[in-house]
Amino acid sequence: MAAEQSFALPGYRLRVGSTLDRATVVKFMERTYRELNPHQPIGHLADTVDRYLSRDTPLWWIDEAGADSAAGPVAGLWLGQASDQRTGRLHPYVLLLYVVPIHRRRGLATALLTVAHQWAQQQGHRQISLQVFSDNRAAQTLYTSLGYQSEAILMKKEWPEEPGQER
């Protein structure tokens, strides 16, 4: 991918992922959810990955330069596809952006988003979107600094589970 050539973050290297990285994608999604709410169920995340991970969903990893390949990535970004609610236009959607805590605040998330933005523009897309939890202030600050703007508010209503009823 041409977007890889623009990646230059000292001490790190970018690589393209594939469907063979399913276990790592699931692990990174689980880490994200556990950090935000350790009591939240995460069993559905593997199903989400199985549903959407394909050769058509770009995936990038960042490894530490010179690190053993068994160490695994320190950051990753996975794009899916969404439909703009107003225009119906298909566009890339950030399904996962995760940086291992000890590697945060070094520009890895910004670098990954830059790669994704370049890829999306090269593909002829005019927008990219994502969803961020309302209590994840650090992520909101990052996205705002990169020009993302709120467009909608997700609202939900839950009912208590009745005895004997499965979710």
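Predicted model: local features only at pLDDT ≥ 70, side-chain atom pairs only at ≥ 80, totals over all residues.
Local features need pLDDT of at least 70 and side-chain atom pairs count only at pLDDT 80 or more, while totals for chains, interfaces and linings use all residues. Residues are numbered from 1 along each chain as its sequence is written, and side-chain values use heavy atoms, without hydrogens and water.

**Helix packing**

Helix α1 spans residues 22-36 and helix α2 residues 44-52. Their axes lie 9 Å apart, at an angle of about 135 degrees. The two helices are therefore oblique to each other (under 35 degrees is roughly parallel, over 145 roughly antiparallel, 65 to 115 roughly perpendicular, the rest oblique). From α1, the contact (heavy atoms within 4.5 Å) takes R22, V25, V26, M29, E30 and Y33. From α2 come H44, L45, A46, T48, V49 and D50. By class, this contact has 7 nonpolar, 2 polar and 3 charged residues.

**Aromatic pairs**

Rings of Phe, Tyr and Trp (its six-membered ring) pair if their centres lie within 6.5 Å; planes under 30 degrees apart are stacked, over 60 edge-to-face, the rest tilted. The count comes to 5 aromatic pairs. In one of them, F28 and Y98 have ring centres 5.2 Å apart and planes at 70 degrees, so the pair is edge-to-face. F28 lies in α1 and Y98 in strand β4 (residues 90-99), so the pair ties together parts 70 residues apart in sequence. Ring pairs link F28, W61 and Y98 into a cluster.

Both residues of the pair count as buried (under 20% relative accessible area; exposed is over 50%, partly exposed in between; 1.4 Å probe, protein chains only).

| Residue | Relative accessibility |
|---|---|
| F28 | 1% |
| Y98 | 4% |

Methods. Axes fitted to C-alpha atoms, helices over the stretch in contact; angles between N-to-C directions. Helix = DSSP H or I, 4+ residues; strand = E, 2+ residues; numbered from the N terminus. Nonpolar A, V, L, I, M, F, W, Y, C, P; charged D, E, K, R; others polar.
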